[in-house]
Amino acid sequence: MIRNHPSQNPNASATSSSFSSPSSNSDSRHRNHATTQPNWNRISNRPQRVPLEELVATTQSIVGTCPFMCPEKERSQRERLRDLAVFERLDGNPMKSSSSLAVKKFCRTISVKEVHASDIRPLSVLEDTLDYLMKLLDSSDRSFLVLHDFIFDRTRSIRQDLSMQIINNDQVICMYEKMVRFHVTSNHKLRRCEDDTTILSSIHHLNMEQLTKCLASLYNLYDINRTSDSVFDNEAEFRSLYVLLHLETHSHSTGESLSSWFSRLSSSIICSKEMCFARRVLRFFRMGNFWRFFHTVASEATNLQLCIIEPYIMEVRALAVACINSSGYKLHPYPLTLLSKILMIEELNLESFCNACGLHTSQDDMGNKVLPTKQTGFSHPKGGFQCNVFQWLELVEKPGCESSF
């Protein structure tokens, strides 16, 4: 596969699509993500503020000159307001930071009169900032929820600066791929966090929202920088994620039909092993071919693809158990040993899973565990059912084993 050396297109802003939906500040986004933004037009003594996407569309791009991860003016202001994240505090002091710790926060609305080159970070600084944030994932001893909260907000700020400068080159593609990886692996790690389920659900929703926006911008960047029929090194894998997001009935996708979306892809992408895998998995899922679904995922999925598929694994297992329960012969209970091989789950976990679905198990004359069919008490496990999806899924959580940031 080929990575292009594209030229910039000053008239196209692929990254501006990343900011089309409001979100609150990182420290309270899981509590206030549904609140509305203040109407600045009602306050006559303040400059008029506009959403970022409107600002980018109506102004010429600027070249940032800020040499630090956070502009000095913002850092000083946040020090006075004690608005420093735990990762930004110098020696733990909530009122003191430094140029090597403070990272520019995301701002939902920006005053037209307040946009200065000194507040915007150039591409080289943005690349270093993103690398710093990604290293925090492996080096910090903080909980993943705290890490995610910080990186979630600061990567949005990076996308904001890229959008305002209308930078759409090959380096930006690499940056967006890193940010997509962060949101995809977060999809997996957030499911293993122990916290209030309402808060986690909100955080997960916002993470998926930003994932789809990052993907949309990344796909635009691929298209803008394409030459001839060449493709980028990781394009096929990242394109396949869009297909896998359709495993959910009410998917987080853009709403475009897959047939229409496929019609705009090159034959090299459609025929790639990553895309062929995604299409087969989606087809097996919709056909109810459970054996092929699980064994295809287990043998071919990349860690990135698996993080997208994981939330649907237990759903597919529940559908399989429901199907066997309703279609089996009442006088011929289904052996759990065979079912565990089909669903790729340990027999002990399978028995617990069947019980969580409202079905009881029993033993046959040989002492083997079986699932009596035609039971009427089936229901999907409330609140989900957690167990190891696959043994090798744990690799995603080990430093150095997941796809490189």
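Predicted model: local features only at pLDDT ≥ 70, side-chain atom pairs only at ≥ 80, totals over all residues.
Visitor: Is the crossing of α4 and α5 left-handed or right-handed?

Guide: The crossing of α4 and α5 is left-handed. Residues are numbered from 1 along each chain as its sequence is written, and side-chain values use heavy atoms, with hydrogens and water left out.

Visitor: What describes two packed helices?

Guide: Two packed helices are described by the angle between their axes and the distance between those axes. Helices (H or I, at least four residues) and strands (E, at least two) are DSSP runs, numbered from the N terminus. Axes are lines fitted to C-alpha atoms, for helices over the stretch in contact, with angles from 0 to 180 degrees between N-to-C directions. Here, helix α4 covers residues 123-139, and its axis comes within 10 Å of that of α5, crossing at roughly 165°. The two helices α4 and α5 are therefore roughly antiparallel.

Visitor: At what angle do α5 and α6 pack?

Guide: The angle between α5 and α6 is about 155°, and their axes are 11 Å apart. This pair, α5 and α6, is therefore roughly antiparallel as well. α5 passes α6 in a left-handed crossing.

Visitor: How far apart are the axes of α4 and α6?

Guide: The axes of α4 and α6 are 11 Å apart, and the packing angle is about 25°. That angle makes α4 roughly parallel to α6. The crossing of α4 and α6 is left-handed.

Visitor: Where does Asn169 lie?

Guide: Asn169 is in the loop between α5 (144-165) and α6 (170-189). Asn169 is buried, at a relative accessible area of 12%. Buried means under 20% relative accessible area, exposed over 50% and partly exposed in between (1.4 Å probe, protein chains only).

Visitor: Which backbone atom does the side chain of Asn169 reach?

Guide: The Asn169 side chain reaches the backbone nitrogen of Gln171 at 3.1 Å. A polar contact is a pair of N or O atoms within 3.5 Å; within protein, one must be able to donate a hydrogen and the other to accept it, and residues adjacent in sequence count only if both atoms are side-chain atoms.

Visitor: What describes a pair of aromatic rings?

Guide: The distance of the centres and the angle of the planes describe such a pair. Rings of Phe, Tyr and Trp (its six-membered ring) pair if their centres lie within 6.5 Å; planes under 30 degrees apart count as stacked, over 60 as edge-to-face and the rest as tilted. By this rule the model has eight aromatic pairs. The rings of Phe293 and Phe294 have centres 5.3 Å apart and planes at 90°, so this pair is edge-to-face. Phe293 is buried at 0% relative accessible area, and Phe294 is buried at 0%.

Visitor: Which residues form one aromatic cluster?

Guide: Tyr219, Tyr242, Trp261 and Phe262 do. Phe262 also has the charged end of Arg279 over its ring, 4.6 Å from the centre. For a charge to sit over a ring, NZ of Lys or CZ of Arg must be within 6 Å of the ring centre and within 35 degrees of the ring normal. A further case is Arg156, whose charged end sits over the ring of Phe106, 4.0 Å from its centre.

Visitor: Which residue other than glycine has a phi near 50°?

Guide: That is Met344, where phi is positive. Met344 lies in the loop between α14 (336-343) and α15 (347-356) and is partly exposed at 26% relative accessibility. Lys374, not a glycine either, has a positive phi of about 65°. Lys374 is in the segment after β5 (369-371) and is partly exposed, with a relative accessible area of 42%.

Conventions:
Parallel < 35°, antiparallel > 145°, perpendicular 65-115°, else oblique. Left-handed = near helix turned anticlockwise from the far one by under 90°.
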